[in-house]
Amino acid sequence: MTRVQSSLSAAACCLGAVLVGSLIHLSPAGAGEPVVVPVGADGVQHATITLDSYTYTPDYLVVQVGKPVELTLTSVTVITPHNFLLTDPAAGFTIREDVRAGKTLKVRFTPTQPGTFLYYCDKKLLFMASHQEKGMEGRLEVRQPF
Ligand SMILES: [Cu+2]
């Protein structure tokens, strides 16, 4: 093998590693362990979600129906803006909030029916995959009181 062929195959190898790496990054919503949100002394279910590029942590929350939920959304990015969409009017929430780089904000709602709902970021650059497609989504499971 000549030196040129050798470096070409090395480059192809690296490209393959990068592709495999990005495929592994695309995990389904709620791939993490479910986090059961406790009911605070104030009767509110408080949880914090960290936004990064391109993840929510945790990405699987479990709450009880009929009790208020307060989510603290904290972005740890330096530049990239993200958002948080969680919408199902019949289930008690219509949330669409921009969370700019480094910012924290709170959203509050009371889930009115059991089910599993997706939260996700729909930001995208022209011609690029959306943040959701890059893995930025999570699962909210609303259960009967437990
Ligand atoms: Cu995003």
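Me: In what sense do strand 5 and strand 8 pair, and over how many bridges?

Reply: Strands of a sheet pair through backbone hydrogen bonds, either parallel or antiparallel. In this predicted model, strand 5 and strand 8, the latter covering residues 104–109, pair in the antiparallel sense over six bridges, and Leu 73 stands opposite Leu 105 in strand 8. Two strands are said to pair if DSSP finds at least two bridges between them, while helices (H or I, at least four residues) and strands (E, at least two) are DSSP runs, numbered from the N terminus. Residues are numbered from 1 along each chain as its sequence is written. Since the model is predicted, local features need pLDDT of at least 70 and side-chain atom pairs count only at pLDDT 80 or more, whereas totals for chains, interfaces and linings use all residues.

Me: Which elements does the protein chain contain, and in what order do they run?

Reply: The protein chain has one helix and ten strands, and from the N terminus on the elements run α-β-β-β-β-β-β-β-β-β-β.

Me: What is the strand order of the open sheet of four strands?

Reply: The order of this open sheet is 3-2-5-8, and its pairing is mixed. Strand 3 (55–57) and strand 8 are the edge strands, each pairing on one side only, and the twist from one strand to the next averages 25°, where axes are lines fitted to C-alpha atoms, for helices over the stretch in contact, and angles run from 0 to 180 degrees between N-to-C directions. Strand 2 pairs with strand 3 in the antiparallel sense over three bridges, with Thr 50 opposite Thr 57 in strand 3. Strand 2 also pairs with strand 5, in the parallel sense and over seven bridges, and there His 46 stands opposite Glu 70 in strand 5.

Me: Which residues of strand 5 form the covered face, and which the uncovered one?

Reply: The covered face consists of Val 69, Leu 71, Leu 73 and Ser 75, and the uncovered one of Glu 70, Thr 72 and Thr 74. Burial is judged by counting: a residue is buried if 20 or more other C-beta atoms lie within 10 Å of its own, exposed if 12 or fewer, and partly exposed in between, with C-beta atoms placed from the backbone. Of the 146 residues in the protein chain, buried residues make up 22%.

Me: Which residues touch the most other members of the largest nonpolar core?

Reply: In soluble globular proteins, nonpolar side chains tend to be buried together. A nonpolar core is a set of buried Ala, Val, Leu, Ile, Met, Phe, Trp, Tyr and Cys residues joined through C-beta atoms within 7 Å. The largest one here has 20 residues, of which Val 63, Leu 73, Phe 84, Tyr 119 and Leu 140 touch the most other members. Among the elements that give two or more residues to this core are strand 2 (45–52), strand 6 (82–88) and strand 10 (137–143), while strand 5 gives the most, with three residues.

Me: Which residues does Tyr 119 touch, not counting residues up to four places away in sequence?

Reply: Two residues are in contact if their C-beta atoms, placed from the backbone, lie within 7 Å. With that exclusion, Tyr 119 touches Tyr 56, Phe 84, Leu 85, Leu 86, Glu 137, Gly 138 and Leu 140. Gly 138 belongs to strand 10 and is buried, because 25 other C-beta atoms lie within 10 Å. The C-alpha atoms of Gly 138 and Pro 58 are separated by 7.6 Å, although the two are 80 residues apart along the chain.

Me: Why does Phe 109 count as partly exposed?

Reply: Phe 109, found in strand 8, counts as partly exposed because it has 16 C-beta neighbours inside 10 Å. Not counting residues up to four places away in sequence, Phe 109 touches Val 69, Gly 92, Phe 93 and Ile 95.

Me: Where are the cis peptide bonds that involve Tyr 54 and Pro 58, and what is the phi of Phe 127?

Reply: Most residues other than glycine have a negative phi, and most peptide bonds are trans. Here the bond from Ser 53 to Tyr 54 is cis, with omega near 10°, and Tyr 54 is in the loop between strand 2 and strand 3. Another cis peptide bond joins Thr 57 and Pro 58, with omega about 0°, and Pro 58 is in the loop between strand 3 and strand 4. Phe 127, in the loop between strand 9 and strand 10, has a positive phi of about 70° although it is not a glycine; Phe 127 counts as exposed, because it has 5 C-beta neighbours inside 10 Å.
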